Amino acid sequence: MMTTRIKVIIVVLLVLGLIKIVSLIKKGALELKYALTWLLLSIGLALIVLVPGLLTGISELLGIYDATNMVFFAGIIFLIIIIFGLTMSISRNSDRVRQLAQSMALQDYENRNK
């Protein structure tokens, strides 16, 4: 069971993290589609901290015997989702770079043959 002091510290850190994410979005340093994952994670963590027994209830529903194991399970799932999203982004960017390089090569070829 978490003490009130730990809950307050976690909530304050989550709020500071949300403020930082929003400021990065406003500055254009972080795209909204990538920030949504972090925003949802922060909201989920806040719910777990503020609603006592939520984590235990979810772990029992999934058949996980210990809430600590549930935290590790959720963390691994979160990391897999992040890695999958980044892999998709890298694949799209690789295709874009290839198309851009081919386009520039064709333009260079046309400019040399004029």
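Biologist: Why does valine 15 count as partly exposed?

Modeller: Its relative accessibility is 41%. Buried means under 20% relative accessible area, exposed means over 50%, and partly exposed is in between (1.4 Å probe, protein chains only). So valine 15, at 41%, counts as partly exposed. Bear in mind that this is a predicted model, where local features need pLDDT of at least 70, side-chain atom pairs count only at pLDDT 80 or more, and totals for chains, interfaces and linings use all residues. Residues are numbered from 1 along each chain as its sequence is written, and side-chain values use heavy atoms, with hydrogens and water left out.

Biologist: Which helix does valine 15 lie in?

Modeller: Helix α1, residues 4–27. Helices here are DSSP runs (H or I, at least four residues), numbered from the N terminus.

Biologist: And which residues make the nonpolar surface patch?

Modeller: Met2, Ile6, Val8, Ile9, Val12, Leu13, Val15, Leu16 and Ile19 make a patch of about 780 Å². To join a patch, a residue needs over 30% relative accessible area and no salt bridge; nonpolar side chains (Val, Leu, Ile, Met, Phe, Trp, Tyr) are joined within 5 Å, like charges within 9 Å.

Biologist: How many salt bridges does the whole structure have?

Modeller: Three. Another joins arginine 98 and aspartate 95, at 3.8 Å from N to O; both lie in helix α4, three residues apart, about one turn of the helix. Then there's aspartate 108 with arginine 112, at 3.3 Å.

Biologist: Why is arginine 112 called exposed?

Modeller: Arginine 112 has 66% relative accessibility, so it counts as exposed.

Biologist: What classes of residue make up the lining of the largest pocket?

Modeller: There are 14 nonpolar, three polar and no charged residues. Ala, Val, Leu, Ile, Met, Phe, Trp, Tyr, Cys and Pro count as nonpolar, Asp, Glu, Lys and Arg as charged, and the others, Gly among them, as polar. Leu41, Leu45, Ile48, Ala74 and Gly75 lie nearest the pocket's centre.

Biologist: What makes it a pocket?

Modeller: On a 1 Å grid over the protein atoms alone, a pocket is an open set of points with protein on both sides within 12 Å along at least five of seven lines, and lining residues have an atom within 4 Å of a point.

Terms used: On a 1 Å grid over the protein atoms alone, a cavity is a set of points where a 1.4 Å probe fits but cannot get out, and a pocket is an open set with protein on both sides within 12 Å along at least five of seven lines; lining residues have an atom within 4 Å of a point. Accessible areas come from the Shrake-Rupley method with a 1.4 Å probe; for residues, only the protein chains shown count as cover. A salt bridge is a side-chain nitrogen of Lys or Arg within 4 Å of a carboxyl oxygen of Asp or Glu. Helices (H or I, at least four residues) and strands (E, at least two) are DSSP runs, numbered from the N terminus.
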